[in-house]
There are 2 protein chains.
Amino acid sequence: MNVQRSLHEPERRLVTLSDVAREAGVGESTVSRVLRNQGSFSKRTQDRVAEAVARLGYVPNRLAGMLAGSGSTAGAKLVGIVIPSLTNIVFPDLLRGATAVLDRGGFQSVIGVSDYDPEREEALIGALLSWRPAGLIVTGLEHTPGALARLRASGIRIVEMIDTDGAGLDIVVGFSNRAVGCDSARHLLARGYRRIGFVGHDITQDLRAAKRLAGFCETLREAGCPLAEREIASGPSSAAAGREALARLVGRRPDLDAVYFSNDDMALGGYFHCLADGIAVPGRLALFGFNALDIAAALPQPLTTIRTPRLEIGAAAAERLAADGPAETVDLGYELIAGATA
Amino acid sequence: MNVQRSLHEPERRLVTLSDVAREAGVGESTVSRVLRNQGSFSKRTQDRVAEAVARLGYVPNRLAGMLAGSGSTAGAKLVGIVIPSLTNIVFPDLLRGATAVLDRGGFQSVIGVSDYDPEREEALIGALLSWRPAGLIVTGLEHTPGALARLRASGIRIVEMIDTDGAGLDIVVGFSNRAVGCDSARHLLARGYRRIGFVGHDITQDLRAAKRLAGFCETLREAGCPLAEREIASGPSSAAAGREALARLVGRRPDLDAVYFSNDDMALGGYFHCLADGIAVPGRLALFGFNALDIAAALPQPLTTIRTPRLEIGAAAAERLAADGPAETVDLGYELIAGATA
DNA sequence: ACAGATGATGGCAGCGCTGCCAATCTCATT
DNA sequence: AATGAGATTGGCAGCGCTGCCATCATCTGT
């Protein structure tokens, strides 16, 4: 069954507010007030409008509503969100946290995915800005000059989430990736590991991962035990990439006693390699991840990793966006989960 | 630094099309044409407009554009997408497939997440419809009567994706979940398994999973080898849930020789339980999943599962939405991946 | 019973942009 | 030089809704 508009009724105009007004026998503004439950109107009017709406199957046109309402306080109930990826569970989680709060506040959110491409992020920011949102939530602190200029010029609330290692434009919500790296290194050192390697994905794309690694390396160096070796998989993080990269790393440096991964996806793959290759974990080789994926906790040996407050970050970002507070940086911290692999 | 609009300039009007027109010394419609690269205009005009735009930092107001353009062919370049979840990688994949095509076609997409709640889906459909999109992409064939009514009344293109087991409203793109269940059963039977159990998550929420199970059970029954036992975890699917559920299942029925999981998340958990408990896979117990997650292929033993064309489904949905073809059902099929676990 | 306070309501001018149409300009043809 | 087909351009009426203000109706206190 084709529900497309039939060619025989070329002018099937959609029901508009004024149709409802006529049907209900009231003025347009009255219908508008009733529909938005704002201002005052009698119970009787309300009922008549409700009836008319139902009878006509009226669907308000948000486009018109926002246009007309723009400039006023109640206007733009819209928020743009830019994230780099959807395949890494981190970002859907941030999204869930944010939209939960946003929905409650009556905001609509429009989402853009940049695929970790700064140029694309800039384009997306431009596109989202053209919706005239009340605010924008973006990921990370690093943006192209063009993107920064647009964000600044927009005059709206900007929230940069996840990363607190650097200066933000307005509001920053997240945790220190660098500190995560440092703490991860300290944990491994404290457990006595000394020949430590790193397995990561394409870090030039994922700046946060690069910051973690920087913190990690620095702490190792300060402890007089610099990173022994690293292996970078090309492309995005995945279990398969992690598995292969670890295989290469231990092939090259069989003497390593611990490996730090750029995240749990990679670490999972590393763990599988150990399982398949009979490498005892953590006896022969310790593994340390990042992100505390659900699945990492379900392994035969729970992965040692860092739990990040993803939902909370998303929620805090949304709250700050809606609120009218001052520019600030909110550090929500993280938690080291001592599993069985390191 | 707070970039909020300063209280000292209460009337900081945003730059509009007519500002650009004045600045460039041309008419509004000319600017509009240049900006949309539509109609004809001279190179000189184009340059002047481009300059003015840059000088003023003009950002087009899409709200106004869509409102004005509504009703015409080029109007509503907007598509609404409703998915039940973001945490299951399936849906981000569908989204990626769809937005890739949509972006290319110059469409913006607005996304809604229903959390597997039909009521919420209905509300989301209403909300998305109020953006006056050119079309809507929804998930699955089952919707509340209210949602169906709205979709029908909308008069726009509707694409229902993933599931082809039933009647659609307009365009349906996906594969037969029931057939997946049947083929999965046949595979296990062909490999000689006879005492087969099922481990699933809350199937009342996930209708597609229910259809797979139905097909699976039917095929087993027809083969004279009905499902021996089932274990349903409460809540959504996850590796942890799968692990615990399998533990309970084998605790109750240690004689089983194969287990079918509602999806790979659950199967992964089941595999981990076997690993942890020393249950030989597939010698002692075979495992069969669904969805071909990347991670399932990286296991020491690749999981036997079904690969579904997620990106392709999303892309096909978007293509059909943009195209002007007849109502139809497009079955993109699936592929059984014979891994090492069954 | 009358001024003043509320409560309800309708009218109408935009919000910023696009579609349509008429006006103007250009240029090769005859 | 006149002519017609295009190319280029500007004016302006909406798109559907909300904000603002004027208008009544109703109610309250003295």
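The model is predicted, so local features need pLDDT of at least 70 and side-chain atom pairs count only at pLDDT 80 or more, while totals for chains, interfaces and linings use all residues. Residues are numbered from 1 along each chain as its sequence is written, chains are lettered from A and ligands numbered from 1 in the order in which they are written, and side-chain values use heavy atoms, with hydrogens and water left out.

**DNA strand C**

Around DNA strand C there are 27 residues, where near means having a heavy atom within 4 Å. The closest are A:G27, A:T30, A:T45, B:L17 and B:Y58. By class, the surface splits into 10 nonpolar, 15 polar and two charged residues. For the record, Ala, Val, Leu, Ile, Met, Phe, Trp, Tyr, Cys and Pro count as nonpolar, Asp, Glu, Lys and Arg as charged, and the others, Gly among them, as polar.

| Residue | Protein atom | Atom of DNA strand C | Distance |
|---|---|---|---|
| A:T30 | side-chain N or O | phosphate oxygen | 2.4 Å |
| B:S32 | side-chain N or O | phosphate oxygen | 2.5 Å |
| A:A68 | polar backbone atom | base oxygen | 3.2 Å |

The elements giving two or more residues to this surface are α2 (28–36) and α4 (62–69) of chain A, plus α2 (28–36) and α4 (62–69) of chain B. Of these, α4(B) gives the most, with four residues. Helices here are DSSP runs of H or I with at least four residues, and strands are E runs of at least two, numbered from the N terminus.

**Strand β6 of chain A**

How many residues of β6(A) (196–200) are buried? Five of its five are, with buried meaning under 20% relative accessible area (1.4 Å probe, protein chains only). A:I196, A:F198 and A:G200 sit on one side, and A:G197 and A:V199 on the other.

β6(A) pairs in the parallel sense with β8(A) (258–261) over four bridges, and A:F198 stands opposite A:Y260 there. Pairing takes at least two DSSP bridges. β6(A) also pairs in the parallel sense with β7(A) (229–232) over four bridges, where A:G197 has A:E229 as its bridge partner.

**Cysteines**

There are zero disulfides over all chains, taking a disulfide as two cysteine sulfurs within 2.5 Å. For A:C182, the nearest cysteine sulfur, that of A:C217, is 10 Å away. A:C182 counts as buried at 11% relative accessibility.

Note on methods:
Buried means under 20% relative accessible area, exposed over 50%, partly exposed in between (1.4 Å probe, protein chains only). A polar contact is a pair of N or O atoms within 3.5 Å; within protein, one must be able to donate a hydrogen and the other to accept it, and residues adjacent in sequence count only if both atoms are side-chain atoms.
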